[in-house]
Amino acid sequence: MSSDSRFVPLVLKTDTEPNMIKHFTSTACKFFTLVLVFALISFNNYAQEISKDPAAINAGQALFNANCKACHRVQQKLVGPALAGVYDRTPSIDWIKSFVKNSSAVIASGEPYAVKLYNEYNKTQMTAFSSFKDEDIMNILAYIKAEADKPAPDAAAQPTTGGGGQPAANAGLPSTYLNVILVGMIIILILLLIVLGFLVSALKRFIDQKTLTEEDKEVVHPTVTTGSIFKSRGFVFIVVFLTAALGFKAVINGLYSVGVQQGYAPKQPIAFSHKIHAGQYEIDCKYCHVGVMKNKSATIPSVNICMNCHNQIKTGTITGDAEIGKIVKAYETNKPIEWVRIHNLPDLAYFNHAQHVNVAGVECQTCHGPIETMDVVRQHSLLTMGWCIDCHRKTDVNTKGNAYYDNLVEIHNQSKKTPMKVEDIGGLECSKCHY
Ligand code: HEC
Ligand code: HEC
Ligand code: HEC
Ligand code: HEC
Ligand code: HEC
Ligand code: HEC
């Protein structure tokens, strides 16, 4: 019995033990699951934490400038809201991720915050960035947060740098030079006259010491009249000189414009300003000229691209609603805006933007000049065959990270010591530029 009694509890124990074990394991399981969930949440939180790492901030800045800056500023409302503090006001970081990747899907799902925001912004559609990884978006947020946490002077400085640009220099280089020359010549002329004046008065004083006849005195001390001034040699000289100088300037100006369209800046149907869009608001050239990276032609933006923003911005600081009204009208009547073409090579020549901008990495400004300072676009370069050739002789081919060039560079380096120029890859062959 005792053994039995000892056994029974044992049995009993063995009977309860599995229960206890079960109970124990299930509590442990729950506990561990909880710990795991907690760990995951906190890990997730950790992952969701906006980084202060300079590398992330820099990566974010690059992405922001290339993709978001057209519509967003950190501290300033633009086409979209100022993004400082989005991480606090939006429902969650995950919400931001989905919204950036595809805002219309979030809005379509009826999520209240998104719907409210969308209506607040006049149903302006934000671009979808479906190719963005979560990490990209976190980097952008890191940049926004770093920028938002910066002390104020940066924000205060922005409008002044934007607003106070230089007046668009309408005079091309040659006429600026000529003006300088003209002013220089006039200054020299005045100096000469002053020196002559001194000489004459010194001579008069010298002659006065001698005895003169009445006739000679009349010559030395003439009674000055307007008539005598007009007839005086000095006056005739000045008039001839000025006429010759102005004539010279006109002829040179004329010669500069024969056949060459440099400086051509026609009036456009809408007073579109690159100074405002590309300069002040720093909208990326590629946002509007969508062809530059892939195609021969850079393309002029369609009305739809203007409407991405002007759906929202209906008045301009300078022209009110007069000019923007024309965009809206063109959009509503479905009529394209008839922009006047400025840069135009003859049909016999072939020029490809993607080759120069994407493959060679040449900046737009190298060929088009400081477009972002121009209220009215003007042709900056000559666009002659000599201009193309000259650059192909001088410019190194951008071979970095381009496997296509590896073999060519090797062959080139065997025969020559200088870096490979465009000339060396056939950039001077007639058939490359002529159909
Ligand atoms: C074409 C203009 C446009 C571009 C480009 C754009 N956005 Fe937006 N964004 C908007 C508009 C407009 C809204 C307001 C909501 C709406 O109308 O859909 C918005 C809203 C947002 C919001 C929510 C803001 C808030 O206050 O809750 C975030 C976050 C955001 N954008 C991030 C980005 C990021 C990041 C990029 C770049 C990768 C970007 N946006 C590029 C126009 C744009
Ligand atoms: C908001 C849209 C927008 C942005 C951003 C923009 N452009 Fe333009 N661009 C236009 C429009 C519209 C025209 C045609 C009207 C005109 O000539 O002003 C044009 C014309 C031009 C032309 C002359 C085209 C011709 O007819 O020969 C050049 C060159 C040019 N842009 C270069 C640039 C460069 C470089 C940048 C960046 C610094 C830039 N654009 C940014 C809209 C834009
Ligand atoms: C990415 C946004 C964006 C795009 C795209 C855009 N604009 Fe603008 N536009 C602006 C902003 C911002 C202003 C400044 C509004 C102000 O003065 O407050 C502006 C102002 C203007 C003005 C008025 C300037 C003034 O001060 O009176 C005109 C005209 C204009 N844009 C024409 C165009 C045309 C034409 C296109 C298409 C080729 C275009 N915009 C595309 C953002 C944009
Ligand atoms: C190597 C010189 C060069 C560079 C770099 C360059 N362009 Fe051009 N661009 C030209 C020439 C040449 C033309 C005239 C092309 C023609 O008539 O076929 C032109 C024409 C244009 C035009 C009007 C005609 C068209 O192709 O749609 C626009 C807009 C333009 N460029 C914008 C840009 C922008 C934006 C960039 C920078 C992203 C850029 N260009 C970079 C030389 C250049
Ligand atoms: C700012 C300097 C610059 C100017 C100006 C310029 N190019 Fe180029 N061009 C280059 C560079 C750099 C390359 C090499 C691109 C590459 O790596 O394929 C190139 C390549 C080319 C090629 C391809 C050559 C080949 O062998 O693959 C053609 C065609 C061409 N350019 C035509 C023109 C024409 C036409 C003009 C004048 C309207 C012009 N370029 C003006 C810099 C320039
Ligand atoms: C890098 C590009 C490039 C190369 C290489 C090139 N050309 Fe040209 N060529 C041009 C351009 C651009 C024009 C148009 C210039 C203009 O409108 O002023 C032109 C114009 C011409 C014209 C017409 C001149 C005129 O007054 O209308 C002739 C002829 C010509 N090229 C012949 C040649 C011959 C021959 C070769 C080979 C030895 C050659 N080109 C190589 C770019 C090139």
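Helices here are DSSP runs (H or I, at least four residues; strands are E, at least two), numbered from the N terminus. This is a predicted model, where local features need pLDDT of at least 70, side-chain atom pairs count only at pLDDT 80 or more, and totals for chains, interfaces and linings use all residues. Residues are numbered from 1 along each chain as its sequence is written, while chains are lettered from A and ligands numbered from 1 in the order in which they are written.

Start with ligand 1. A residue is near it if its C-beta atom, placed from the backbone, lies within 6 Å. Select Cys68, Cys71, Gly80, Tyr121 and Met126, the nearest of the 24 residues around ligand 1. The largest share, three residues, comes from α4.

Next, show α2 (residues 54-68) with α7 (residues 134-148): their axes (lines fitted to C-alpha atoms over the stretch in contact) come within 7 Å and cross at roughly 95°, on a scale from 0 to 180 degrees between N-to-C directions. That makes α2 roughly perpendicular to α7 (65 to 115 degrees; under 35 is roughly parallel, over 145 roughly antiparallel, the rest oblique).

Last stop, ligand 4. Around it sit 20 residues, with Ser297, Ala298, Leu345, Cys364 and Cys367 the closest. Two or more residues each come from α17 (353-359) and α18 (364-368), and α18 gives the largest share, four residues.
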